[in-house]
Amino acid sequence: FLAGDSAGGGLALALALRLRDEPVEGAVVAGITVVSPETDLSCSGESYKTRRWIDGGGPTCDPMFRDEDPAEASMGQIYRLLGKPGESNSFRTDDPSISPLHAELHGL
C-alpha cells in the first residue's frame, strides 16, 4: 500500500506508475492513498489560475497561490530542482515519471 501527502503523494503516484510499467518481482501495490498530491511540476493545470488567492474569494481560493501568476512564481524553484529547459542534464517538467498528472493512469 502506498500513501503520501503533498510531494509525498506525488512520489507515491510516481512509484505506483513505475511499478506498473517496470514490475519488480514480489512488489505489488495493493492501493494508493494521496492527500493534495503534487502531480504537475509543469504548473500547467488549470488550478494555477482558478484557485488563485483573492481576498474574500471563498473556499476555492488557495492561500498558496497569492502571486499574480502562481505558475510563473513556482517555476524558479522547480527549475532549481530539475534544471532549466535546454540545460544539460535537465528534466522535462511534464515527464510523467515526475509529474503523474501527465501519465496514463490506467491499471493503478
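Begin by selecting Leu 41, Cys 43, Tyr 48, Phe 65, Ala 71, Met 75, Ile 78 and Leu 82, the eight residues of the largest nonpolar core. A nonpolar core is a set of buried Ala, Val, Leu, Ile, Met, Phe, Trp, Tyr and Cys residues joined through side-chain atoms within 4.5 Å. Buried denotes a relative accessible area under 20%, exposed over 50%, and partly exposed in between, with a 1.4 Å probe and protein chains only. Helix α3 supplies the largest share of this core, four residues. In soluble globular proteins, nonpolar side chains tend to be buried together.

The model is predicted: local features need pLDDT of at least 70 and side-chain atom pairs count only at pLDDT 80 or more, while totals for chains, interfaces and linings use all residues. Residues are numbered from 1 along each chain as its sequence is written, and side-chain values use heavy atoms, with hydrogens and water left out.

Leaving aside residues up to four places away in sequence, Met 75 touches Leu 41, Ser 42, Cys 43 and Thr 93 (a contact means heavy atoms within 4.5 Å).

Now select Tyr 48 and Phe 65, both of which are buried. The structure holds one aromatic pair, and these two residues form it: the pair is stacked, with 4.9 Å centre to centre and 25 degrees between the planes. Rings of Phe, Tyr and Trp (its six-membered ring) pair if their centres lie within 6.5 Å; planes under 30 degrees apart count as stacked, over 60 as edge-to-face and the rest as tilted. Tyr 48 lies in helix α2 (residues 47-50) and Phe 65 in the loop between α2 and α3 (70-82), so the pair ties together parts that are 17 residues apart in sequence.

Ser 36 is exposed, with a relative accessible area of 59%. Apart from residues up to four places away in sequence, Ser 36 touches Asp 5 and Ser 6. The C-alpha atoms of Ser 36 and Asp 5 are 6.0 Å apart, although 31 residues separate the two in sequence.

Finally, display the whole protein. Three helices and two strands are present, in the order β-α-β-α-α from the N terminus. Helices (H or I, at least four residues) and strands (E, at least two) are DSSP runs, numbered from the N terminus. The C-alpha atoms fill a box of roughly 50 × 40 × 20 Å along the principal axes. Of the 108 residues, 29% count as buried.
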